[in-house]
Amino acid sequence: MSKHEPLISNTKCECGHQNPVGTVLCEACGKPLDEKEENASGNLEMRYDGVARRSQRVSPGVIDKIWNFFSSVKIAIYLIVLTLLGAMLGTIFPQEGTFLNIDASTYYEQTYGTAGNIYYRLGLSHTYESWWFVTLLVMIGASLVICSLDRVLPLYKALTRQKIRKHRQFLTRQKLTLNTEVEGEPEEWVARIVQPLKKKGYRVRAEGGALLAEKHRFSRWGPYVIHIGLIIFLLAVLARGLPGLNMDQHLAFPQGETVRIPDTSMYLKNEKFTVEFYSEEEMPEEFRGKKTLPKLYETKAVLYECTADCSDPSKEPQLAEVARHNIQVNSPLSYQGMKAYQFDYDLTPVLRSVQPDLVNASTGESYGKFRLDMKNPQRSFKAGPYTLELKEKYMDFGLNEEGRPVSTSPYPNAPAFLFLIHGPDLPAEGQQYFYFPKQVDKERFQQVAINDKLGGGTRFLELEVGSMTDVDFSESTTYLNIRVDRAMPFVWIGAGIVMLGLILGFYWQHRRIWLIVEDGQLVLGGHTNKNWFGFRRELVSILEQIDMTVDDKSLDNGGGMA
């Protein structure tokens, strides 16, 4: 039977202590319980001081099998490797959230060809939010928890129930050991070595002619502190997917407009956007005459919080100003955990509203103007004897594969409005009419074709814009990255705990010294979890203080007096 296999036979030690099944070294005296180990001469396996773990049960049930699966370090490594490979796949092409206003179903194929289409079809364009990636993170978290519990409980039991007097074989099979003849009473030898040990920072316990000295026991918990930090880190990362804890959106804010931030009660107004460009003299030679480079762009932003009528679309929300900031790159507006970063800009004018005139197509007679907002238009308008009922709004007009009107984006790049007009000389059910605010010749022909295709019939009414004074444009648009990450403090807490665990484990070592004096023989054994060279030198200096001259190498297993 190997030293890692669980014991099936009776585990009662010759000292009389009854050990749980799976115990390698007696919990009381440290004597090896396996017959092969008992007759061996090599160093003892001191992991968890030989205490049994739950994963070593002889006849595991279903729960035990699940426990054994996740308690395996090999399985944990496989999970970490799979997660790293998945994360690498997510970096082949940019993730969907990196872009602003794209149609992912066509973007990847158009930009990256067949490889991009396969990438999108496999769901790799949103790798880090996918079910399989989240499942891997959950499994790593479960492995961390179970691995820790499977090991930390036996370790705690072994370290808190240490016996002072150990079996002779336990001492002679440590990596550092000393076996020599001495004269005098055992208690005298123990008393002589106590003070030098205490000067070195050891905590000493004595019992007759036996002694146990140890220091820096806390360093043994370093790996488990790391596990706690990683668990908190993973929980915080997973919590970012919960509603309200995380937001990362890129939104357009036309100059002069107040836009609601989705899934919040906050509104942000772009009071003014300005951009400065490098002059030809300021730009590097390779860019001169080729392109303009922005030197500074800034959004004068005002943040509002809705205080009343927030969810009633028929009423204007009541807003209260809560923050004001000139947003620049790396200088965001910040309010209660929400940050608005300067992301991009567009100097193309954006249509905000028009005041079309309803006219008779044959005679040119005007029936009156009305204001048509692009963002939140009224549902009904009155122009002379005619009533215009707004049925549909398309902010960026297009036709789908079936030839039906659709909006390809939420921004008024090519707006269109479908009206149902009621009044004199019109059918009782009304006449439908598509209106395109941007009235250029090409769009006028498109308008007529669409109206005819959709069964508009004979038209004698048209909506026309008389002059540019009837058109309201936003001079520019700023794009802001709105971020809310309430889980981030816990991410940093987890990272800090991991660092604390690394410091505990790397800068201190748990060192123990056992000593027995009986029948004229002094037997000493020493163990540490690392830095054996430093431990050996420390042990030599301690022995020198009690007038025992020992060569460094003679303390290695099997050594004796110099």
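Helix α8 passes helix α10 in a left-handed crossing, meaning that the near helix is turned anticlockwise from the far one by less than a right angle. The touching residues (heavy atoms within 4.5 Å) include G222, V225, I226 and G229 of α8 and F490, V491, G494 and I497 of α10. By class, this contact holds 15 nonpolar, five polar and no charged residues; Ala, Val, Leu, Ile, Met, Phe, Trp, Tyr, Cys and Pro count as nonpolar, Asp, Glu, Lys and Arg as charged, and the others, Gly among them, as polar.

The model is predicted, with local features needing pLDDT of at least 70 and side-chain atom pairs pLDDT 80 or more, while totals for chains, interfaces and linings use all residues. Residues are numbered from 1 along each chain as its sequence is written, and side-chain values use heavy atoms, leaving out hydrogens and water.

Helix α3 (residues 73-89) packs against helix α5 (residues 131-160) at an angle of about 155°, and their axes lie 10 Å apart. This angle makes α3 roughly antiparallel to α5 (over 145 degrees, on a scale from 0 to 180 between N-to-C directions). The crossing of α3 past α5 is left-handed. Among the residues in contact are V73, A76 and L79 of α3, together with W132, F133 and R151 of α5. Here the division is 12 nonpolar, three polar and one charged.

Finally, helix α11 (residues 532-544) has buried residues F535, R536, E538, L539, V540, I542 and L543, where buried means under 20% relative accessible area with a 1.4 Å probe, protein chains only. Their cover includes β1 (176-181), α7 (186-199) and β3 (210-215).

Technical notes: Buried < 20%, exposed > 50% of the residue type's maximum accessible area, 1.4 Å probe, protein only. Helix = DSSP H or I, 4+ residues; strand = E, 2+ residues; numbered from the N terminus. Parallel < 35°, antiparallel > 145°, perpendicular 65-115°, else oblique.
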